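Welcome! Here is a short briefing to read alongside the structure.

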Amino acid sequence: MIAALLALPVLAGILAALLRGHRTLLRVILLVAATGHAGLTATAFVVLPPPLVSGWVALDETGLLFLSLVSAVFLASAWYTIGYLKRRRESDDAAGEGRFVACMLAFLATMTLATFSQQFELLWI
């Protein structure tokens, strides 16, 4: 489950970067990734996932608290972003919207990794 929580925003971000011209598809990718991340986070409350990389990447109770906060705030900001991007019609830069969505998903991936890291050195990577 840790790998899925990390891979979902990374893969969605790569897909968003590749599909820069398709505005509707970008918004769908953002919402699916945010909802899927929130669902996987809720699943982690039921079954705590086993650690990875010799215990360097693990989810403890404190990490789960911050992961749920990150996931909830990102889900809310993703819903807000959809409305914001619909209203933002003065600049017709579809590629810029793709970069924006890709950067949002990269931020989610890095914050997710930060909640999983059990070693201080991992935070500096």
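Let us start with one side chain: that of serine 71 reaches the backbone nitrogen of alanine 38 at 3.3 Å, a polar contact (a pair of N or O atoms within 3.5 Å; within protein, one must be able to donate a hydrogen and the other to accept it, and residues adjacent in sequence count only if both atoms are side-chain atoms). This is a predicted model, in which local features need pLDDT of at least 70 and side-chain atom pairs count only at pLDDT 80 or more, while totals for chains, interfaces and linings use all residues. Residues are numbered from 1 along each chain as its sequence is written, and side-chain values use heavy atoms, with hydrogens and water left out.

**Around serine 71**

- Serine 71 sits in helix H3, residues 61–87; helices are DSSP runs of H or I with at least four residues, numbered from the N terminus.
- With a relative accessible area of 3%, serine 71 is buried (buried means under 20%, exposed over 50% and partly exposed in between, with a 1.4 Å probe and protein chains only).
- Not counting residues up to four places away in sequence, serine 71 touches His37, Ala38 and Thr41, where contact means heavy atoms within 4.5 Å.

**Nonpolar cores**

- The largest nonpolar core has 18 residues, and Phe74, Ala78 and Val101 are among those with the most contacts inside it; such a core is a set of buried Ala, Val, Leu, Ile, Met, Phe, Trp, Tyr and Cys residues joined through side-chain atoms within 4.5 Å.
- Two or more residues of this core come from each of helix H1 (2–18), helix H2 (23–46), H3 and helix H4 (94–116).
- H2 gives the largest share of this core, 6 residues.
- Leaving aside neighbours within four places in sequence, valine 101 is in contact with Ala16, Leu26, Leu30 and Leu85.

**The loop between H2 and H3**

- Valine 53 lies in the loop between H2 and H3 and has a positive phi of about 50° although it is not a glycine.
- Valine 53 is exposed, with a relative accessible area of 60%.
- Serine 54 is in the loop between H2 and H3 too, and its phi is near 55°, a positive value in a residue other than glycine.
- Serine 54 is exposed, and its relative accessible area is 77%.
- Valine 47 also has its place in the loop between H2 and H3.
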